Amino acid sequence: MRAARLLQMLLLLQNRGRMTSASLARELEVARRTVLRDVDALTEAGLPVVVHQGNRGGIELGFEY
């Protein structure tokens, strides 16, 4: 299941651009904490995931991935 969720997250970020952890959690039907753990897993795998903090923050793929 986790591999499928990681791939789905990657595709969501690739197609929609920057998304908040809350919106990713809704789409993937998991908790926000799970989204953050999955972001760590994608980063450890070498994917350029960028997390922006603040009012206009979110998670996106970096380096024109």
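I begin with L42, which is placed in helix 3; helices here are DSSP runs of H or I with at least four residues, strands are E runs of at least two, and both are numbered from the N terminus. The model under discussion is predicted, so local features require pLDDT of at least 70 and side-chain atom pairs pLDDT 80 or more, whereas totals for chains, interfaces and linings use all residues. Residues are numbered from 1 along each chain as its sequence is written, and side-chain values use heavy atoms, with hydrogens and water left out.

L42 has a relative accessibility of 5% and therefore counts as buried. The scale is as follows: buried is under 20% relative accessible area, exposed is over 50%, and partly exposed lies in between, with a 1.4 Å probe and protein chains only. Leaving aside residues up to four places away in sequence, L42 touches L6, M9, L47 and V49, where contact means heavy atoms within 4.5 Å. L6 is 36 residues from L42 along the chain, and their C-alpha atoms are separated by 7.4 Å.

Let me turn to the packing of helix 1 with helix 3. Helix 1 covers residues 2-16 and helix 3 covers residues 32-44; they pack at an angle of about 85 degrees, and their axes are 10 Å apart. Helix 1 is therefore roughly perpendicular to helix 3. The axes are lines fitted to C-alpha atoms, for helices over the stretch in contact, and the angles run from 0 to 180 degrees between N-to-C directions. Angles under 35 degrees count as roughly parallel, over 145 as roughly antiparallel, 65 to 115 as roughly perpendicular, and the rest as oblique.

Which residues meet in this contact of helix 1 with helix 3? Helix 1 contributes R2, R5, L6 and M9, and helix 3 contributes T34, V35, R37, D38, V39, A41 and L42. By class, the residues of this contact are 6 nonpolar, 1 polar and 4 charged. Nonpolar covers Ala, Val, Leu, Ile, Met, Phe, Trp, Tyr, Cys and Pro; charged covers Asp, Glu, Lys and Arg; the others, Gly among them, are polar. T34, in helix 3, counts as buried at 16% relative accessibility. The C-alpha atoms of T34 and L24, 10 residues apart along the chain, are 10.0 Å from each other.

Side chains of opposite charge can pair when their charged atoms come close. How many salt bridges does the structure hold? There are 4, a salt bridge being a side-chain nitrogen of Lys or Arg within 4 Å of a carboxyl oxygen of Asp or Glu.

One of them joins the side chains of D38 and R2, at 3.4 Å from N to O. Because D38 lies in helix 3 and R2 in helix 1, this pair ties together parts that are 36 residues apart in sequence. D38 is buried, with a relative accessible area of 1%, whereas R2 is partly exposed at 42%. R2, R5 and D38 are linked in a network of salt bridges.

Another pair consists of E27 and R16, with 3.2 Å from N to O. E27 belongs to helix 2, residues 21-28, and R16 to helix 1, so the parts tied together are 11 residues apart in sequence. E27 is partly exposed, with 37% relative accessibility.

R18 and E60 also form a salt bridge between their side chains, at 3.3 Å from N to O. This pair links distant parts of the chain, 42 residues apart: R18 is in the loop between helix 1 and helix 2, and E60 is in strand 2. Both are partly exposed, R18 with a relative accessible area of 39% and E60 with 21%.

E60 brings us to the strands. Strand 1, residues 49-52, and strand 2, residues 58-61, run antiparallel and are joined by 4 bridges; strands pair if DSSP finds at least two bridges between them. E60 is the bridge partner of V50. The two strands form a hairpin with 5 residues between them, and G54 in the turn has a positive phi of about 105 degrees.

Finally, helix 2. Its buried residues include S21, S23, L24, A25 and L28, and the buried residues of this helix pack against helix 1, helix 3 and strand 2. E29 sits in the loop between helix 2 and helix 3 and is exposed, with a relative accessible area of 72%.
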